[in-house]
Amino acid sequence: MIRPATPGDTPALLSLTAGTGYFKPLEVETLEGVLNDFHATNRDEFGHRCFVWEEAGRVLGYVYHAPEEMTDRTWYLWWIAVAADQQGHGLGGKLLAFAEADIRTLGARLFVVETSTTEHYEPTRRFYLKHGYTAAASIPDFYADGDGMAVFTKKVGGGP
Ligand SMILES: CC(C)(COP(=O)(O)OP(=O)(O)OC[C@H]1O[C@@H](n2cnc3c(N)ncnc32)[C@H](O)[C@@H]1OP(=O)(O)O)[C@@H](O)C(=O)NCCC(=O)NCCS
């Protein structure tokens, strides 16, 4: 079941994210700040969205997306993750489709996501390509030397 994230979900989301083995400790710390800001202000003032997938009382995955300021209806996928023992069973795809449908109803035009160019993130890049995203750009050495940024985009709506 997909439902809106609550402040009580934050410890589970942090531990799920750390447990994927994909994110650096600093990124998990950043996520804690992102979630705190989400509940404090960003949801109500800036229209950020965060949803979790829960089964039998356990959070198995989540998605966080937000409108990008100073753009014409462009939205950013800030975070998406599925618990390590649940990956590869379609949950991430359902979360992504949910986020796309969610922003479409809010009038979105373009969905953008950034990820790493490293070998470790090859399955993640495959995930976006499989779901109809276009590899739009890449910036070498963006995160660190040898760790560039890969930008994927998908048109989610024509809009008026
Ligand atoms: C990327 C992620 C959200 C995808 O969710 P998922 O539930 O594992 O993916 P799905 O089952 O819906 O889709 C499977 C497809 O995604 C890709 N994929 C990405 N990561 C995968 C993984 N760990 N295991 C299996 N498939 C994975 C594959 O292309 C696969 O399709 P294929 O088997 O036909 O090649 C999830 O694997 C995850 O949390 N990864 C670590 C965190 C991460 O990279 N987040 C995104 C940061 S930008």
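Residues are numbered from 1 along each chain as its sequence is written. In this predicted model, local features need pLDDT of at least 70 and side-chain atom pairs count only at pLDDT 80 or more, while totals for chains, interfaces and linings use all residues.

Begin by selecting helix 1 (residues 10–19) and helix 2 (residues 25–46), which pack at an angle of about 155° with their axes 10 Å apart; helices (H or I, at least four residues) and strands (E, at least two) are DSSP runs, numbered from the N terminus, and axes are lines fitted to C-alpha atoms, for helices over the stretch in contact, with angles running from 0 to 180 degrees between N-to-C directions. Helix 1 and helix 2 are therefore roughly antiparallel to each other, a term for angles over 145 degrees. Next, show Thr10, Leu13, Leu14, Thr17 and Ala18 in helix 1, which meet Val28, Leu31, Glu32 and Leu35 in helix 2, contact being counted where C-beta atoms, placed from the backbone, lie within 7 Å. By class, this contact has 6 nonpolar, 2 polar and 1 charged residues, where Ala, Val, Leu, Ile, Met, Phe, Trp, Tyr, Cys and Pro count as nonpolar, Asp, Glu, Lys and Arg as charged, and the others, Gly among them, as polar.

Now move to the ligand and select Gln87, Gly88, Gly92, Gly93 and Pro123, which come nearest of the 19 residues around the ligand (C-beta atom, placed from the backbone, within 6 Å). Strand 4 (74–82), helix 3, strand 5 (110–116) and helix 4 (122–130) each supply at least two residues of this shell, and the largest share, 5 residues, comes from helix 4. The shell has 8 nonpolar, 9 polar and 2 charged residues.

Within helix 3 (residues 91–105), select Ala97, which counts as partly exposed because it has 13 C-beta neighbours inside 10 Å; a residue is buried with 20 or more such neighbours within 10 Å, exposed with 12 or fewer, and partly exposed in between, C-beta atoms being placed from the backbone.

Finish with two backbone details. Most residues other than glycine have a negative phi. Met70, in the loop between strand 3 (58–67) and strand 4, has a positive phi of about 60° although it is not a glycine, and with 5 C-beta neighbours inside 10 Å Met70 counts as exposed. Asp141, in strand 6 (residues 134–144), also has a positive phi of about 60°, and Asp141 counts as exposed with 11 C-beta neighbours inside 10 Å.

Technical notes. Parallel < 35°, antiparallel > 145°, perpendicular 65-115°, else oblique. Contact = placed C-beta atoms within 7 Å.
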